[in-house]
Amino acid sequence: MSNTTVLLLDKDYVIGQVGKRLYSTFVEHLGRCVYEGIYEPGHPTADKEGFRGDVRELVRELNFGALRYPGGNFVSGYNWLDGIGPRDKRPVRLDYAWTSIESNQVGIDEFCDYAASVGSEVMYAVNMGTGTPQDAGYIVEYANFPGGTYYSDLRIKNGHREPHNIKLWCVGNEMDGPWQTCQLEASDYGKKALEAAKIMKWVDPSIELCVCGSATSRQPSYPEWDRIVLEYTYDKVDYLSLHRYYENLGDETDFLASYHEMDGFIKAVAATADYVKALKRSKRTMMLSFDEWNIWYQAKTQLKSWETAPHILEDRYTLLDAIAFGGLLCTLINNADRVRIACLAQMVNVIAPIFTEKGGAAIRQTIFYPFAMAAQNCTGTVLRSIGKTPLIESAAYGSVSAIPHTATWNEEKKELCFMCANISGEEQHVTLDTRSMGKVILARHEALSGNLSAANTLENPDKVTPRRRACPSEAVEKPCFTLEPKSFHLFRYAITK
Ligand code: AHR
């Protein structure tokens with residue numbers, strides 16, 4: 001394998017724009033994501049509503065676009081009315097999805113206030129399992145209708161005179177999954193989602209709707225499910241959802257090459273949507289919402305029976321996980337022309353970048369860092385890089401690039417960002433040909449490398465952190481650098497002219 005790469009980054013070779021929604025996340029009533037995660041009355045940093053200030057600070061660092069809420073599998077058996085009004089009157093319920101006890105101490109009103117406090121919008125999922133299309137209309141009325149009707153006045157009575165104005169709505173969650181409360185066949189879901197979408201948009205025509213695509217690319221009904229659902233709903237919805245989780249099943253190269261599967265999945269779903277576009281003679285292209293993605297050790301997941309805020313799905317991430325995660329993030333950004341929303345699942349404790357101790361500290365997991373690098377730096381226009389990178393052989397995917405990468409150009413800030421992983425076991429020497437931008441100066445270089453099995457713990461929260469590298473002061477036309485084996489990097493360049 002040659003270890004040298006030259007990539008031409010020309011500001012006229014454009015893929016699309018990276019909006020803030022590409023850096024979204026997911027908060028489900030699951031395990032300790034809400035309770036003991038964002039919400040813990042009595043915690044030394046809790047505000048008067050019971051939300052943890054230390055967690056809020058970390059959430060702000062990640063600069064999330066949207067917070068998807070309240071599920072997930074949870075939502076398919078959830079009655080949103082249980083989560084409104086005086087807290088001491090809210091019912092305690094069984095949550096079938098995660099065999100847990102739900103106290104309902106956090107509901108739509110508290111969550112919308114929380115999202116606003118961290119500078120994010122809410123992406124609200126309605127119940128298409130036990131819920132009806134009419135329930136979906138009622139919750140849009142509660143959240144967005146100004147007043148003078150039963151549900152909008154109920155919101156006002158509950159202390160929110162101004163509407164929440166939620167723009168993004170998911171019409172259910174993973175309705176093809178047998179694990180879902182009230183799973184549906186594709187045509188049954190398609191019909192139900194269409195009726196729900198009609199009512200929801202009648203109540204508020206300004207909202208954007210996301211319909212459920214296949215729960216994963218491994219579902220037997222994929223991609224037929226997606227085609228059938230879109231044939232029913234194409235004209236009434238704005239996004240089709242994709243979900244996918246990856247894990248290290250023993251072959252490190254296959255795991256690091258997971259980004260390749262994600263890219264193929266996105267392309268296949270886009271092609272399926274485009275088939276329906278042609279069938280419908282539609283002029284509108286369906287955008288995609290990758291509203292659940294992450295590393296998740298599903299094979300090791302064990303549920304508990306009927307506990308409140310159980311310690312479940314609390315994966316602890318290593319440096320290796322962070323590098324594989326970084327490759328997935330580059331892939332999402334490189335598909336920004338179709339993927340307009342992407343939610344890192346989830347936000348706190350449950351397969352998450354932030355981990356908390358009850359009554360104690362909140363720490364950053366390894367995957368926190370690639371996400372922060374991207375959300376804080378990679379904005380503006382995504383560039384299509386031209387050039388060949390070395391290939392490595394993966395048993396699962398064949399030959400894949402050893403350097404998954406993405407490049408963004410921010411015209412306003414006059415900045416170029418290059419984010420990449422080296423997933424090979426060798427050093428890689430990379431040159432960027434930035435001639436269309438003139439000379440550039442390296443303003444920031446952050447790198448994650450070292451012991452691949454290292455992870456951050458409550459005892460040692462900074463075991464894995466990005467290292468800031470020295471930046472030479474001279475401007476160059478072809479910046480070059482060396483990537484150590486199995487590492488992840490962000491380079492930010494200032495344009496000199
Ligand atoms: O994020 C965990 C679960 O994964 C979600 O509840 C569900 O939508 C998916 O299967």
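I began with a term: two strands pair if DSSP finds at least two bridges between them, and strands themselves are DSSP runs (E, at least two residues), as helices are runs of H or I of at least four residues, numbered from the N terminus.

**Ground rules.** I noted that this is a predicted model, in which local features need pLDDT of at least 70 and side-chain atom pairs count only at pLDDT 80 or more, while totals for chains, interfaces and linings use all residues. I also noted that residues are numbered from 1 along each chain as its sequence is written, and that side-chain values use heavy atoms, with hydrogens and water left out.

**Whole chain.** I looked up the secondary structure of the protein chain and found 10 helices and 25 strands. The radius of gyration is 23 Å, close to the 23 Å that the globule rule gives for 497 residues, so the chain is as compact as a globular protein of that length; the radius is taken over C-alpha atoms, and the rule is 2.2 Å times the number of residues to the power 0.38. Along the principal axes, the C-alpha atoms fill a box of roughly 65 × 60 × 45 Å.

I then checked burial, where buried means under 20% relative accessible area, exposed over 50% and partly exposed in between, with a 1.4 Å probe and protein chains only; buried residues are 61% of the 497. For contacts (heavy atoms within 4.5 Å), I found that 78% of those between residues at least 6 apart in sequence join residues at least 24 apart.

**The open sheet.** I traced an open sheet of 7 strands in the order β2-β16-β19-β20-β25-β22-β23, with antiparallel pairing. Its edge strands are β2 (14–18) and β23 (467–468), each of which pairs on one side only. Inside this order I followed β19 (residues 405–410) to β20 (residues 415–422), which run antiparallel and are joined by 6 bridges; here histidine 405 stands opposite cysteine 420 in β20.

**Two helices.** I next looked at helix α10 (residues 368–377), where 9 of the 10 residues are buried, so this helix is largely enclosed by the rest of the structure. Among its buried residues are Phe368, Tyr369, Phe371, Met373 and Asn377.

In helix α1 (residues 53–61) I found Asp54, Val55, Arg56, Leu58 and Val59 buried. What do the buried residues of α1 pack against? I found α2 (108–117), β14 (354–356), β15 (362–364) and α10 as their partners. Lastly, I noted that asparagine 63 follows α1 and has a positive phi, near 50°.
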